Amino acid sequence: MSGYLTGVLVVLAFNVMAAYAVYLPMAAGQLNLGIAGFMAVGAYAAAYLTNEMMWPMWMAIPIGSAAAGLVGILIGIPVLRTHGIYLALATFALGQVIAAIFLNLEVVGGAAGYPVTEFASPYVVFAAAIGVTLFMVLLSRTRYALYLTAVKSDPTVADLMGISVRGIQVSAFALGAAVAGFGGAFYAHHYNFIEAQHFSVLLSVYTVLYVLFGGTQTVWGPLVGAAFFTLVPELLRASEQWRYALFAMFIIVFMALRPQGLITASLFRIFRRRPKAAAGTEAQGKGASA
Amino acid sequence: MTAATPALEIKGLQKSFAGVRAIRDLSFTVPKGHATALIGPNGAGKTTVFNLVSGVYGIDAGSIHVNGTDITRMPSRQRIRSGVARSFQNIRLMGHLSVLENLLVGQHVRASSLCALITPYRLIPNHKWKREARRALEESGLGQYADETVGALPYGVRKRIDLVRATLAGANVLMLDEPAAGLNPSETNALRDHLKALIASGLTLLVVEHDMHFVDSICENVVVLNFGEKIAEGPLSVVRKDPKVREAYIGSDEE
């Protein structure tokens, strides 16, 4: 693999992990605009453990992820009392506050940034992204994922069906934060340097865009969205000056025409229709004989 | 709990919205294993009663018992566990999910352990939850719609699916808000058979309905509301002769 290709794929791996971190709360109907803050928590916590505590990476990274998840729970409980634009603003401010704290925290280098000694190779990063994707796919096959959708589309009915709406919302937010922290921890150990400025609003906003573009109805949306936003600008490198302008135009037109995102549940049903119809009659036959 | 314990017992219920008294000192009981209708002109407070029993709104005064359990102060989320489930007047299914997925949401009360929550049931062919939901659909004659997207189905079918979802919660008291509204005659007949089968299986129904022929064929008792007050109660044949009821319905074709 060429250095260039490896570099692009590593960026893709980080973008995929970030996209899934945004996707989880969004599947429950909540916009988290502060995802970069949770990445920072994971990155700094894990880096501190390997640098100062001499922990091995395989222990430090999960703890960094758990730290981000814990911050997610503690902040999610009060913040998730707000909805819509207020929740977006609250999480936006939260991301800023977290970045500002690390910017002023001298023990992890403050504004000068924080060099990290342990190194995670590109293959380790790929494995992490694949692991997160598999985890999300597995999760999407559970009742938990079904309830995320239920809470998003009709919280009143979900509540009357006995589903804990707040429990689902807070857990999705915290789980998303833990995934963000996981990605952030790998980021720190792959690039061997972190600075608070990297975990900016722009990073959060871009990640939200990946997810909206890919679509939030299915688990594949964030993957496709992250891949699209990482790879297409690379392919457009031929026309250097205009590539971002063209890309931006395309996104505006696309979102106007298909606001639900690229990958939707009904899209899958169309592709599966024929084999599924056969399976359906078979199951009916079984039901009748039983 | 004895056999005489009513399925639903409402005592002295009061509810005001911004000073407007929507429900005034309402008391009635729904006996176990029977269908009772809640009727009255538009705006009489029938749906409000459902919202108060299911806990969408809190009440101002009074008490609500389901199967002998006091649910007056119970959070709305827990009420379904005491045995009361409901359907909705304006069908509230999750439109972009499949029929089967909507029914699985209805099963939550009986599958709410952490283990049930994180079992990747969709990867397991013919998982018991899917099998159960499919069987419930087939018993209602809706088996062919199991894998369809709910949003694309006709109104009458969605209405029936809303009902099937309510039955899957394992509740023994079902509150049905205008189940026959907007159905064509053949769909109404299918619904009647469906409800009769539910009653025969031992369920208790409380039905809000405008179609009096339908009410007459299903319900043994009716409770008549007008302006949030009970104005009559008893068998439909008796109640429809009541002067107060006639007055409430004046100008309406239903009486």
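## Strands and sheets in chain B

Two strands count as paired if DSSP finds at least two bridges between them. Helices (H or I, at least four residues) and strands (E, at least two) are DSSP runs, numbered from the N terminus. This is a predicted model, in which local features need pLDDT of at least 70 and side-chain atom pairs count only at pLDDT 80 or more, while totals for chains, interfaces and linings use all residues. Residues are numbered from 1 along each chain as its sequence is written, and chains are lettered from A and ligands numbered from 1 in the order in which they are written.

Now look at chain B, where four strands make an open sheet in the order S2-S1-S4-S5, with antiparallel pairing. Its edge strands are S2 (20–30) and S5 (69–70), each of which pairs on one side only. Two bridges link S4 (residues 61–66) to S5(B), again in the antiparallel sense; here His65(B) has Asp70(B) in S5(B) as its bridge partner. Helix H1 (residues 46–54) of chain B lies across S1 (8–17), S2 and S4, at about 70 degrees to S2(B). For such angles, axes are lines fitted to C-alpha atoms, for helices over the stretch in contact, and angles run from 0 to 180 degrees between N-to-C directions.

## A hairpin to find

Further along chain B, strands S9 (residues 221–226) and S10 (residues 229–234) run antiparallel and are joined by five bridges. Leu225(B) has Lys230(B) in S10(B) as its bridge partner. S9(B) and S10(B) form a hairpin with two residues between them, and Phe227(B) in the turn has a positive phi of about 50 degrees.

## Two domains of chain B

Chain B is divided into domain 1 (33–59 + 72–83 + 171–255) and domain 2 (90–170); these bounds come from an automatic or database domain assignment. Their C-alpha centres lie 25 Å apart. The contact between them takes 14 residues from domain 1 and 12 residues from domain 2, where two residues are in contact if their C-beta atoms, placed from the backbone, lie within 7 Å.

On the domain 1 side, strand S7 (173–177) and helix H7 (185–200) of chain B each supply at least two residues. H7(B) gives the most, with five residues. That side has nine nonpolar, three polar and two charged residues. Ala, Val, Leu, Ile, Met, Phe, Trp, Tyr, Cys and Pro count as nonpolar, Asp, Glu, Lys and Arg as charged, and the others, Gly among them, as polar.
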